[in-house]
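Hi,

Here is the structure I promised to pass along. Have a look at it first, and then read on for what turned up.

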Amino acid sequence: MTPFHIVVCGSLVPDPLQTLEPTLGPEGPGLKNEMMLPSVLDPWAGHALYEAASLATKHPESRVWLVSLGPKARLQQLMMSIAQKAKFELVAIDSSASGFIDAQSVARTLATAIDEIDGLDKNRLLLFGGCASASRDAGVTVQMVGELLGLTDQFLAVDELEARDDGSLRVLERIEGGKYLASTVRGAPAVVAWATGKLPEPPNNPQVGMQNMRTILPALQKAKAAIPNRNSIHYQEVAIPQQKRETRVVKDMSVDEIAREIADWIRG
Amino acid sequence: MDQGLVMDRQNMDVDIVCVGFGPATGGFLTTLSRAIAGSESEAPLMSRVMPGMPLQVLCYERADDIGFGVSGVVTRGRGIKKSFPELDVSQIPMATPVAKEKLLYLLDPHGASRRPAALEGIDAMIRAVRSGSQTQDSSIEVPYVPDFLAKHDGFLLSIGQFNQWVGTELMGSGLVQVWPGMPVSAPLIEDDRVVGIRLVDQGTESDGTPGPGFMPGMNVHAALTVVGDGPVGPIGRQLDEHFGFPEGHHQNDWAVGMKMVVDLPTHCPLAPGTVLHTIGYPEPEIFGFLYVHPGHVASLGIFVPTWFDSPVRTSYAYLQHWMKHPRIWKYLEGGSLRSWGAKTLQESGRRGEPHLVGDGYARIGEGSGSTNVLTGSGVDEAWTTGVLLAEGVIELWRAEQPFTRQNLDAAYVTRRRNSWLEAEAKESEKSRDGFQKGFLTGLLGMGLTGLTHGKLHVGPDPVPPRDRIPTLEEYYEGRIPPSQIEAIRQECKSKGEPLHTALMEAAGWPEVEYDGELLMSHQDALLRGGKVQAPPGYADHVVFVYPSLCESCDNQLCIEVCSGQAITPGESGVPQFDREKCIHCGACIWSCAVPREPGAHAGNIEFRAGAGGLHSGEN
Amino acid sequence: METILVLLHIDESGNLPRIAFEALGAACELRHGGNANFAIGIIGGDIESAAGKIGGCGATSFFGVSHPALEVSRYGTDLAALGALVEKVAPTLIVAPSTSRFARVLPGLAVRIGGQIDTHITSIDPGAEGDAVFAERWYYRQRMKAKFTRDARPWILVVDGGAFEPWKGETGSVALQMVSPWAEGGPGDNVTRTQVSGIETGESGTQTIRPDADLLFVAGAGWAKKQADGQTHVPKAEKLILGFLEGAKASLGSSKSLVDQSSEGQAVLTCLSHLNQVGQTGTTPRHQKGLATCCHGEEPHVVGWRFVQERRAVNLDANCGWARGKADVVYVADAFEVVEKLNDLLGV
């Protein structure tokens with residue numbers, strides 16, 4: 001079987017359970033107390049990472065890199081919660097992980113970092129990432145990185161990737177109407193932006209964590225700082241729309257009456 | 001699961017393994033990591049399990065992040081400042097120096113609290129003498145904060161933010177590893193020697209049987225196991241069960257501390273650094289606090305102690321009543337909830353100290369009895385225990401001495417005994433015994449002990465909580481007729497609800513009207529403030545050991561005290577446990593009303609290593 | 001003056017998808033009463049008839065790339081075709097619908113043409129002629145909305161479904177100018193390494209989120225939890241839910257916690273997969289009505305029905321965060337009983 005060189009682009013987003021509040025400063029928008037918010041690996045990037053690790057175990061000699069762009073201190077903390085879940089080599093870039101930074105600026109930084117990965121064989125490259133992020137949520141970054149790296153076989157919102165014995169890859173992409181588009185690419189290189197995939201979140205494996213730490217700490221120490229381009233977008237306002245509704249609480253109606261009222265509402 | 005399926009139990013060897021990442025372990029690792037790095041005069045500490053590598057130190061934390069701890073912290077920070085002489089607290093989010101400290105006595109505006117006659121007399125006098133503006137909001141400011149309580153030279157912290165700050169500094173050094181989201185299930189004990197720890201099994205069903213993706217918890221062998229897993233940590237408690245307590249020591253005094261972090265309304269005049277302590281309301285035994293952080297944010301909450309003898313000892317309802325007190329509400333009205341959480345406090349202090357060391361292990365932090373119950377201070381004390389242990393460990397490692405009981409005793413316990421920590425712990429040891437005899441005796445006792453530096457104290461040795469809780473009928477005698485109590489009991493059982501709300505309303509407590517911002521249902525506080533999580537694939541960590549004991553228990557305090565409503569009445573009489581609501585406060589352990597075996601100290605609830613819990617980094 | 005290019009593709013049936021008309025509607029808002037240069041570019045297999053459907057849209061010119069290789073959705077060939085159209089028109093603003101096909105290729109197009117791109121656009125403010133064009137979209141999974149503009153051109157605006165009034169107008173014959181990105185031999189090997197084999201149905205059958213349904217039925221984790229008798233009733237829950245979907249012709253969404261149970265091997269609702277998940281890490285579908293049952297939670301889970309117009313909930317807890325202040329009506333009742341009765345009334 002062909003070994004793959006899988007590069008996963010993924011970074012941190014605020015723990016989705018936190019209360020988020022936007023602020024608009026001279027540098028552009030951000031989140032209130034952004035550096036204080038507990039963060040997690042972006043959920044779709046997480047799926048990509050777990051799929052990458054799984055694929056790598058099935059294809060001996062494969063390598064997995066996680067290219068992560070975020071504030072160094074936050075990345076360091078993030079690594080402690082994900083490094084036990086999947087085996088990877090970290091490439092860290094010290095920069096803002098704000099969702100308000102232009103995707104193209106992020107994509108260029110990532111593409112440059114990937115280009116500089118020592119030992120990466122682009123003929124074996126599978127560029128993985130999430131189909132969207134829980135921060136910018138634009139769904140464009142991975143494709144841009146792919147294009148910048150000259151990859152012309154790209155797949156978006158992938159739930160399944162089957163690496164076949166002949167080297168080809170069969171891919172299922174989510175399309176409209178809860179359906180899948182099935183395609184086969186002759187083989188690497190390719191870009192795969194994952195939806196949720198099929199794998200559950202792996203358990204924390206302390207030994208995997210220990211192995212990862214050997215590359216994580218040096219990677220963090222030599223993380224290059226990247227200054228994001230904040231000039232391409234001009235934000236006029238950022239706000240949380242108030243959507244509070246007057247809720248009618250129906251406590252004393254019988255089940256029959258409730259069902260009738262709902263049925264009328266559905267039909268009406 | 002094809003990548004993580006590991007059926008064999010893994011083993012790993014490290015030099016030192018730590019259980020739990022809180023202020024004590026923070027102090028330990030901060031001190032130790034500096035020695036690992038070495039200096040111009042001292043060689044770096046090198047590993048014995050991995051020759052040629054630096055000392056291999058791992059720390060496992062149960063919660064999903066190192067910043068998900070809970071505490072209301074105002075501290076003099078003597079130990080912390082010593083570790084960081086150049087400390088600029090403004091670098092720690094939410095931290096600020098103490099600017100103003102007040103002690104408030106809150107009167108009861110509703111007449112619903114259970115006040116002893118003498119206190120009612122005092123209240124009447126206060127109302128008569130101070131009929132002016134100060135009592136309009138049902139409170140008076142006590143003109144003097146006793147020295148033993150004062151924190152004038154200290155600072156306020158969010159323990160979550162502090163732990164994150166410490167953890168970030170530590171991990172940035174690359175010299176120690178702190179792994180969150182990894183509960184430790186058991187100490188590995190061989191011939192009374194602790195040889196390491198076992199991590200929790202993953203991929204199990206809720207009853208612990210292997211499920212899809214089962215991965216047995218790894219054995220981590222270490223020359224030294226540092227136990228800093230807090231007042232209700234499973235490793236500390238298993239060690240206590242195995243080794244027992246030193247003669248005369250016991251852990252009979254506990255409390256639940258429940259807090260909120262709140263965005264204050266714009267009209268609130270309180271400046272950052274303001275510290276308010278309250279006594280007197282919602283029940284005389286329940287103390288309150290309000291600390292103002294920078295950014296118009298406050299931490300506030302209450303402590304509900306074991307010596308508050310209510311059999312329906314709910315923290316959440318009392319917290320709401322406390323917030324609604326006119327003196328407090330005038331600061332809070334219009335604010336909104338940022339965060340919520342609760343924890344157990346081990347209030348026995350030095351008297352609750354377990355064996356601090358044994359062959360292969362050492363205890364630090366709150367679980368080691370470091371909390372000072374007179375000054376109401378625990379974080380800095382916990383930090384200091386970690387520092388003292390680290391100093392001893394560095395000494396032993398450099399001298400190539402093994403971590404035997406004797407060596408640890410000389411290197412760590414002796415340091416602790418000779419420290420300010422011990423001197424103050426001794427002074428405060430019996431300071432709260434008066435509360436065994438009632439609120440006023442308790443206050444008197446604290447005052448006496450504080451003012452005489454521990455020479456005098458009032459009151460008897462505390463008894464276990466279960467030996468002092470009256471029945472509902474006894475507690476509400478003269479307030480709610482037994483027939484009404486029985487009717488409420490039956491109604492709540494059929495609805496699967498705890499009793500406290502119905503009983504408190506029957507006893508005259510006003511209904512709390514929700515505003516959806518600060519006053520909300522308990523479950524909303526859990527989700528909005530605590531952001532509680534329970535990852536799948538782990539066993540339930542709260543287990544009712546002998547169902548028959550629960551079936552015959554007519555005082556299920558575990559249900560009433562549960563901080564997350566995770567324990568509710570069960571159909572058969574055995575309470576039900578919902579892991580998705582548990583915030584790991586551990587109050588059920590010490591509130592259990594029945595001994596597991598006749599005469600046993602342990603109750604019928606086993607609180608094992610569990611994953612998940614609070615997901616807020618601001619508590 | 002801006003030059004606007006609306007990029008469209010036809011679907012597998014040879015027609016323009018509904019969202020194409022919405023993108024066209026959005027583009028018309030940008031025209032300042034018809035002053036801007038306005039071109040249409042369509043890609044696909046046989047595109048003539050589709051172009052005719054929008055013949056009356058007022059575009060100054062219609063361009064197309066038609067080739068058998070474009071009968072399928074594929075990054076390499078789509079990019080080449082779209083790149084050729086952009087080169088031909090040299091637009092300053094490009095408006096396109098957020099279909100799965102375009103969502104995949106347009107970011108690459110932005111890189112290739114040296115342009116800018118914003119996706120999930122929910123509104124466009126063209127301003128007065130000569131003023132900056134502002135667009136709006138949501139960030140952090142529908143938690144906050146931003147209004148912004150860009151100076152650089154070309155700027156690709158990918159519009160979300162259901163956010164703009166679809167263009168409605170006369171059909172008409174158009175002079176479709178064909179553009180060829182390839183030499184006579186057609187697309188080269190470098191862009192056809194991917195072969196599309198067809199469309200497959202998702203695992204949970206037809207019971208995924210269907211944007212065309214009027215009603216979104218959101219099933220929460222309570223369906224799989226222990227009920228009043230201390231037991232779970234998952235098969236019954238599944239029967240009731242499927243019955244309701246059939247009777248009400250509703251689309252099925254689910255909370256994250258229920259979907260997560262499905263992937264963890266517990267007794268689960270087999271009709272659910274991650275495709276059904278709404279909310280923070282799921283979709284935020286647009287429907288006229290939404291009925292949430294057994295849902296429990298607060299922000300961020302509630303974002304799942306941010307774009308649902310009329311909302312009702314059935315929940316045992318009147319203070320449930322999913323409903324309070326978020327729904328128009330919350331019925332405090334047992335969803336098992338209510339849905340059973342509803343199914344009777346809906347003739348299931």
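A residue is called buried when its relative accessible area is under 20%. Please keep in mind that this is a predicted model.

With that cut-off, helix 4 of chain A has Thr141(A), Val142(A), Gln143(A), Met144(A), Val145(A), Gly146(A) and Glu147(A) buried. Because 7 of the 8 residues of this helix (residues 141–148) are buried, helix 4 of chain A is largely enclosed by the rest of the structure. Just after helix 4 of chain A comes Gly150(A), with a positive phi of about 80 degrees.

Now to chain B. Its assignment gives domain 1 (15–86 + 159–249 + 350–428) and domain 2 (433–462). For the contact between them, domain 1 of chain B provides 4 residues and domain 2 of chain B provides 8 residues. The C-alpha centres of these two domains of chain B are 32 Å apart.

Together, domain 1 and domain 2 of chain B bury about 490 Å², with 49% of that on carbon and sulfur atoms. On the domain 1 side, Arg351(B), Leu374(B) and Glu427(B) account for 93% of the area buried against domain 2 of chain B, more than any other three residues.

As for charges, 2 salt bridges are found across the interface of domain 1 and domain 2 of chain B. In a salt bridge, the side chain of Arg351(B) meets that of Asp461(B) at 3.0 Å, N to O. The side of domain 1 of chain B that touches domain 2 of chain B has 2 nonpolar and 2 charged residues, and no polar ones.

Best wishes

Key: Residues are numbered from 1 along each chain as its sequence is written. Chains are lettered from A and ligands numbered from 1 in the order in which they are written. This is a predicted model: local features need pLDDT of at least 70, side-chain atom pairs count only at pLDDT 80 or more; totals for chains, interfaces and linings use all residues. Side-chain values use heavy atoms; hydrogens and water are left out. Domain bounds come from an automatic or database domain assignment. Contact means heavy atoms within 4.5 Å. Buried area is the accessible area (1.4 Å probe) that two parts lose on being put together, summed over both. A salt bridge is a side-chain nitrogen of Lys or Arg within 4 Å of a carboxyl oxygen of Asp or Glu. Ala, Val, Leu, Ile, Met, Phe, Trp, Tyr, Cys and Pro count as nonpolar, Asp, Glu, Lys and Arg as charged, and the others, Gly among them, as polar. Buried means under 20% relative accessible area, exposed over 50%, partly exposed in between (1.4 Å probe, protein chains only). Helices (H or I, at least four residues) and strands (E, at least two) are DSSP runs, numbered from the N terminus.
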